[in-house]
Amino acid sequence: VSGPAPTKGLIYAKARAKPPFQTREQIQRQLARGGLSALDAKDRWGGLFLTLAQVQELLGHVQVRNGRPWVHVAFCIAAYTGARRSEILRSRVDDVDFDAGTITIREKKRDRTREMTFRSVPMSRGLKEVLRVWLQSNHPGGPYTICGRDGRPLTRQMMTKAFRSAVDGPSWQVVQGYHVLRHSFASNCALKGVDQRIIDAWMGHQTEEMRRRYSHLFPEQQQAAIRSVFG
């Protein structure tokens, strides 16, 4: 095809905006009022974020299930660092630095011109304890932080299947994937007043659209702003 692209004047269909991140209770109230399609309901649950107490409850639920030991470790990495599923799969043992108290995340989404970039996230006390026990007592060996028997790397399908099995049951089946723990990490940091620039650094590849979805999670700041105008 030669000549300019014949796209001048075209009007494109509007994209569906994703709903803001909401708690489980908020979503349940909306569903109880009725009038939402199955697609709308799925979108609502896709924006679920868990409170700190719910995150701990979910991690406890996963830990007591008779699943593979690496599953609980993977959940903890997602919950305490906001790592994506693919980033958990790429994690290496050498990325965990107990002395510095940090874990390095290997990412591929932030810079499309490079094969891989890195970001560093401080490890909470809970994550340190879980990783220390796993790496020193239960890890089967090999370079990967999360791995199967004999240190074999895991696949995305294995991770997904393990996730669905871990959240099986009426209490947690609405949790759609590891990304919910990523949402929850960022949302709870926002609720605790962590500077957005720090959240961006910890999460990696934060877009303006994502920042807007988190913006409603600053109720105290927004109330203070409206009071400054109207008293």
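In the predicted model, the axes of helix α8 (residues 178–191) and helix α9 (residues 196–203) come within 10 Å and cross at roughly 160 degrees. Here axes are lines fitted to C-alpha atoms, for helices over the stretch in contact, and angles run from 0 to 180 degrees between N-to-C directions. Helices (H or I, at least four residues) and strands (E, at least two) are DSSP runs, numbered from the N terminus. α8 and α9 are therefore roughly antiparallel to each other; angles over 145 degrees count as roughly antiparallel, under 35 as roughly parallel, 65 to 115 as roughly perpendicular and the rest as oblique. On the side of α8, the contact is made by R182, F185, A186, C189 and A190, and on the side of α9 by I199, W202 and M203; contact means heavy atoms within 4.5 Å. The residues of this contact of α8 with α9 divide into seven nonpolar, no polar and one charged. Ala, Val, Leu, Ile, Met, Phe, Trp, Tyr, Cys and Pro count as nonpolar, Asp, Glu, Lys and Arg as charged, and the others, Gly among them, as polar.

Residues are numbered from 1 along each chain as its sequence is written, and side-chain values use heavy atoms, with hydrogens and water left out. Because the model is predicted, local features need pLDDT of at least 70 and side-chain atom pairs count only at pLDDT 80 or more, while totals for chains, interfaces and linings use all residues.

Helix α8 also packs with helix α4 (residues 69–81), at an angle of about 30 degrees and with the axes 7 Å apart. That angle makes α4 roughly parallel to α8. A74, F75, A78, A79, Y80 and T81 of α4 meet Y178, L181, R182 and F185 of α8 in the contact. By class, the residues of the contact of α4 with α8 are eight nonpolar, one polar and one charged.

The model also has an open sheet of three strands in the order β1-β2-β3, with antiparallel pairing; two strands pair if DSSP finds at least two bridges between them. The edge strands, β1 (96–97) and β3 (117–122), each pair on one side only. Two bridges join β1 to strand β2 (residues 102–107) in the antiparallel sense, and D97 stands opposite T102 in β2.

S86 lies in helix α5 (residues 85–90). At 28% relative accessibility, S86 counts as partly exposed, a class between buried (under 20% relative accessible area) and exposed (over 50%), with a 1.4 Å probe and protein chains only. S86 and R106 are 20 residues apart in sequence, and their C-alpha atoms are 9.0 Å apart in space.
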